[in-house]
Amino acid sequence: MRKTVLIVEDEFLIAIDLKLLLERRGWCVLGPAATVEEALELLDDELPAVAILDVTLRDGSVTRLAKALCERNVPFVVASAYSRPELIGGEILAGAPRVGKPTEERRLLAVLKQTVGP
């Protein structure tokens, strides 16, 4: 399976940092997308192996995107400083792996590997 990841993050510097980090580690990056609408458009073109989601974006909560990912059987991880992202983004985020924000490289890579496999 090709290692593809969709990055959904509205803070430009964080998004670019994640993109560069993951590309250096062999991932093919879709995005980054700064809004739910941008992310949904990217999903129409290609399904990633996994997505990294910020909880709040320029156009609101990531909830609708998380539901669309679940419908397409695409796992996601939450990159957020919120200790309980489900309070902002709804119950759909409750069981998702969290990597925190700022995201520590080793933790992020370990969670992605655990989520999609080797």
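Strands (E, at least two residues) and helices (H or I, at least four) are DSSP runs, numbered from the N terminus.

The model is predicted: local features need pLDDT of at least 70, side-chain atom pairs count only at pLDDT 80 or more, and totals for chains, interfaces and linings use all residues. Residues are numbered from 1 along each chain as its sequence is written, and side-chain values use heavy atoms, without hydrogens and water.

E3 pairs with strand E1 (residues 4-8) in the parallel sense, over four bridges (pairing requires at least two DSSP bridges). Val5 has Val50 of E3 as its bridge partner. E3 also runs parallel to strand E6 (residues 76-78), joined by three bridges. Here Ala51 is bridged to Phe76.

Asp54 lies in the loop between E3 (50-53) and strand E4 (56-57). Asp54 is buried, at 5% relative accessible area. Beyond residues up to four places away in sequence, Asp54 touches Val8, Glu9, Asp10, Val62, Ala79 and Lys101 (heavy atoms within 4.5 Å). An unreviewed UniProt entry annotates Asp54 as "modified residue: 4-aspartylphosphate"; such annotations may be inferred rather than shown by experiment.

In helix H2 (residues 36-45), Val36, Ala39, Leu40 and Leu43 are buried. They cover an arc of only 100° around the axis, so they sit on the same side of H2 (the arc is that of directions from the helix axis to the C-beta atoms). The face turned away from this buried side carries exposed Glu41, Asp44 and Asp45.

Conventions. Buried means under 20% relative accessible area, exposed over 50%, partly exposed in between (1.4 Å probe, protein chains only).
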